[in-house]
Amino acid sequence: MATNVTKQYHHVTRSKRGKILGAVQGFRGCTIWFTGLSGAGKTSIAFELEASLVSKGIPSYGLDGDNMRTGLNKNLGFSKEDRMENIRRVAEVAKLFADGGHVCLCSFVSPFAEDRNVVREIHASSGLPFFEVFVDTPLNVCEQRDVKGLYRKARSGLIKGFTGIDQDYEKPENPDLVLKTVKLTIEECVAEVLGMLEENEIIPRTEHVEDVKELFASENEIDIIKSSIEEHSRLNITTLDLQWLQVLSEGWATPLKGFMREAEYLQVLHFNCLQIGGQRVNQSVPIVLPISTEDKVRLEDSSTISLYHNDTLYAILRNPEFFPHRKEERAARQFGTTNEKHPYIKMIYESGDWVVGGDLKVLQRVKWHDRLDKYRLTPMELRAKCNAKGADAVFAFQLRNPIHNGHALLMTQTRDQLKQRGYKNPVLLLHPLGGWTKDDDVPLTTRILQHKAVLDDRLLDKATTVLAIFPSPMMYAGPTEVQWHAKARMCAGANFYIVGRDPAGIPHPLGTKGTIDGNLYDSQHGAMVLKSAPGLHDLEIIPFRVAAYDTKYQKMDLFDPCRKSDFDFISGTKMRNFAKTGVDPPNGFMSPRAWKVLMDYYQTNDIR
């Protein structure tokens, strides 16, 4: 009976693997055999590679030595004969996966060259590609790591026949790839293996595009632009336009180079994505610059347009392209309604009858001087901040409302789940929306103060949380907008995205005369759409589990249908009424300091 084995958790869930199985056409079946000492990093690399392949739509599955010895091979020990049989069985399983079109990733010490040659022959006899990857980590480094404590046991004589201590390891003489983990990170090792697979035409070659495309001009470009600024036509833009300019300039809408041209606009409006280099990039909402007919006539012969807001020059728009702003078509396709009582649709109808698109050169970062600019971090800055915290996973939570204890519970449990899956330091990106919102939403300043109070009350871990502002305006476009929120967080480096109930939702302008429940969008459709949205394969969606106030235990907890009568769903309306009237919510609903911020806002502003 095998002992001293530890179950290893995959980074990819069954639902995600099933969602993308066969997304990339063509047979990709092969086996990659990672061999090396215990603690060399075989499984860490294999599971990270598995996640990378699956994110690209390529079926993949990792077979780990410990996992196999808890199931199929649990009757085998570590004698030479048992080791040989262990490897033979695994080889046969790997062959089946490869034959089924999967890239099978095998992580086994497999110390004997003879056994590894048998594995290669098993695949060769079936005409299946096989790659031997030597994870070359020195014994002293493996022993220092000793994650499972096995070297310590072997040194003390508790384990006999342990490879590297009292059992030889026969290094591969001609491996297909060597990974020296003392010089390479896990990500760099994965890149090496992907390169090998591309070279051998197992997977398609990747078009290497910058992760984030910022649109800021260089210092030299700024000097040149300003020296000829008087020659350019001038256009005054609105505050809403400036918010979208900020989104574009900082790279949230990568790979857009500026306000959309007509071809880009049509792709987004009809397909919710852009076709770039043969790949689909999710971009579900139009980012356009509406102008009046008068401005269109004035500017249509210009090659460069200077964009001003409140007499401040922010950017130039080059090679402008003008096209009609068909507002009803835009509203119908983006929002599923043309009702002008919808707050964002109202602004669309009030905007210009023409749209101008073109490439942007942005001369300065947009600052709002509201004491919150320090929270407005660009995608590149957020990546750097998460890296500085040592993040090996980033999970983002989008919100435009105050945080109650149920939200905090969900975020904390998500981090715990990611750690159970093998991540060492998942970091939370707490990312409230900071652009335009409708008048009755809680303003950004109050929300940031409330979020800070939640952190101060330690409902969330400050050390593993990044609080920042997402500069996008809110459109209340339901599932269409939810894709935009998710894609933008991918640009900021998020691997996981928590999607809430009724994200980007809004009541139907006609109430229950418009829909059965009085809401414009189904509360579950946002999460459902994200699971199959094009261009979001690199982001794993974590569904929002419904939390409610548990009256029995006096705390927010995940709703249990078996104890339905014990739970009270405290709606936003009910919460606002508490705050307006100075009534404290039930104990455990929201952190005390966070509640005080909210109550002070409603009472100070006498909001009814």
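Five strands make up an open sheet with parallel pairing, in the order β16-β15-β14-β17-β18. Strands here are DSSP runs of E of at least two residues, helices are runs of H or I of at least four residues, and both are numbered from the N terminus. Two strands are taken to pair if DSSP finds at least two bridges between them. The structure is a predicted model, in which local features need pLDDT of at least 70 and side-chain atom pairs count only at pLDDT 80 or more, while totals for chains, interfaces and linings use all residues. Residues are numbered from 1 along each chain as its sequence is written, and side-chain values use heavy atoms, with hydrogens and water left out.

The edges of this sheet are formed by β16 (465-467) and β18 (540-543), each of which pairs on one side only. From one strand to the next, the twist averages 25°; axes are lines fitted to C-alpha atoms, for helices over the stretch in contact, and angles run from 0 to 180 degrees between N-to-C directions.

Strand β14 (residues 393-399) runs parallel to β17 (residues 496-499) and is joined to β17 by three bridges. Within this pairing, F395 has F496 as its bridge partner in β17. Helix α18 (residues 478-491) packs on the sheet, where α18 touches β14, β15 (426-432) and β17, and its direction makes about 150° with that of β17. Contact means heavy atoms within 4.5 Å.

Strand β14 is largely enclosed by the rest of the structure, because seven of its seven residues are buried. Buried means under 20% relative accessible area, exposed means over 50%, and partly exposed lies in between, with a 1.4 Å probe and protein chains only. Both faces of β14 are covered: one side carries A393, F395, F397 and L399, the other V394, A396 and Q398, all of them buried. Seven bridges join β14 to β15, and the two strands run parallel. In this pairing V394 stands opposite V427 of β15. The chain passes from β14 to β15 through helix α16 (residues 405-420), in a β-α-β crossover that is right-handed. A crossover is right-handed if, with the strands pointing away from the viewer, the path from the first strand over the helix to the second runs clockwise.

Helix α16 has 16 residues and reaches 22 Å from its first C-alpha to its last, close to the 22 Å expected at 1.5 Å a residue. The expected span of a helix is 1.5 Å times one less than its number of residues. Among the buried residues of α16 are N405, H407, L410, M411, R415 and L418. The buried residues of this helix pack against β14, β15, β17, β18, β19 (547-550) and β20 (555-558). Just after α16, G422 takes a positive phi of about 115°.

T465 is buried, with a relative accessible area of 9%. The C-alpha atoms of T465 and L429 are 6.0 Å apart in space, although the two residues are 36 residues apart in sequence. Leaving aside residues up to four places away in sequence, T465 touches K389, L428, L430, L455 and L460.

The buried residues of α21 include A594, W595, L598, Y601 and Y602. Those buried residues pack against α17 (444-456) and α20 (572-581).

The domain assignment, which is automatic or comes from a database, divides the protein chain into domain 1 (14-200), domain 2 (219-362) and domain 3 (373-606). The centres of domain 1 and domain 3, taken over C-alpha atoms, are separated by 39 Å.

Another open sheet has five strands in the order β2-β3-β1-β4-β5, with parallel pairing. Its edge strands, β2 (60-64) and β5 (177-179), each have a single partner strand, so one side of each is left without a neighbour in the sheet. The twist in this sheet averages 20° from one strand to the next. Strands β1 (residues 30-35) and β4 (residues 130-135) pair in the parallel sense over five bridges, and T31 stands opposite F130 in β4. Helix α5 (residues 113-124) lies across β1 and β4 and runs at about 155° to β4. Helix α8 (residues 186-199) lies across β1, β4 and β5, running at about 175° to β5.
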